[in-house]
Amino acid sequence: MSTRSHERRQRGELEAELLAVVAAAGTSLTPREVMNRLDVTLAYTTVMTVLSRLHDKGLLKRIREGRSYAYSFQRDEASLRAVQMRRLLESGHDRRQVLAHFITELSAEDEELLQRLLRDTTPDT
């Protein structure tokens with residue numbers, strides 16, 4: 001474990017780091033075990049708070065282990081990426097413009113797939 005200086009993180013970066021550690025473990029981890037697997041030194045309370053927030057967001061599940069909790073990965077890769085995409089969209093200033101640029105970056109096949117998915121998931125009125 002290194003002691004990289006605490007430069008200012010991007011919004012959600014610490015959550016992403018902790019989520020990646022838990023997802024890679026393939027088993028439940030206590031906050032202390034997560035701390036030991038990080039590349040940075042963080043306070044135990046910081047790790048515990050972030051893990052709790054990830055649980056509250058539905059990204060991690062937890063079970064009681066002694067006086068603490070053990071956390072495990074709740075979402076599959078596709079679901080996790082969807083949550084990340086939504087958060088990125090929400091962090092932008094102009095949602096319409098972000099979505100418009102996203103669509104122009106899609107391949108023709110992905111654009112067709114997106115249109116099909118939107119048709120299939122839109123409730124009939």
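A salt bridge is taken here as a side-chain nitrogen of Lys or Arg within 4 Å of a carboxyl oxygen of Asp or Glu. The model is a predicted one, and a search of the whole structure gives 2 salt bridges.

One of them joins E15 and K57, whose closest N and O atoms are 2.9 Å apart. E15 belongs to helix α1 and K57 to the loop between α3 and β1 (60-65), so this pair ties together parts that lie 42 residues apart in sequence. E15 is buried, at 15% relative accessible area, whereas K57 is partly exposed, at 38%.

The pair E90 and R86 also forms a salt bridge, with 3.1 Å between the closest N and O atoms. These two residues are 4 apart in helix α4, which means about one helical turn separates them. E90 is partly exposed at 43% relative accessibility, and R86 is partly exposed at 41%.

In soluble globular proteins, nonpolar side chains tend to be buried together. Here the largest nonpolar core has 20 residues, of which L18, V34, L42, V47, L51, L54 and L60 touch the most other members. Two or more residues come from each of α1 (13-25), α2 (31-37), α3 (44-56) and α4; α1 gives the most, with 5 residues. Setting aside neighbours within four places in sequence, L54 is in contact with E15, L18, L19, L59 and L60. E15 in that list is the salt-bridge partner of K57.

M85 sits in helix α4 (residues 77-91) and is partly exposed, with a relative accessible area of 47%.

Notes
Residues are numbered from 1 along each chain as its sequence is written. This is a predicted model: local features need pLDDT of at least 70, side-chain atom pairs count only at pLDDT 80 or more; totals for chains, interfaces and linings use all residues. Side-chain values use heavy atoms; hydrogens and water are left out. Buried means under 20% relative accessible area, exposed over 50%, partly exposed in between (1.4 Å probe, protein chains only). A nonpolar core is a set of buried Ala, Val, Leu, Ile, Met, Phe, Trp, Tyr and Cys residues joined through side-chain atoms within 4.5 Å. Contact means heavy atoms within 4.5 Å.
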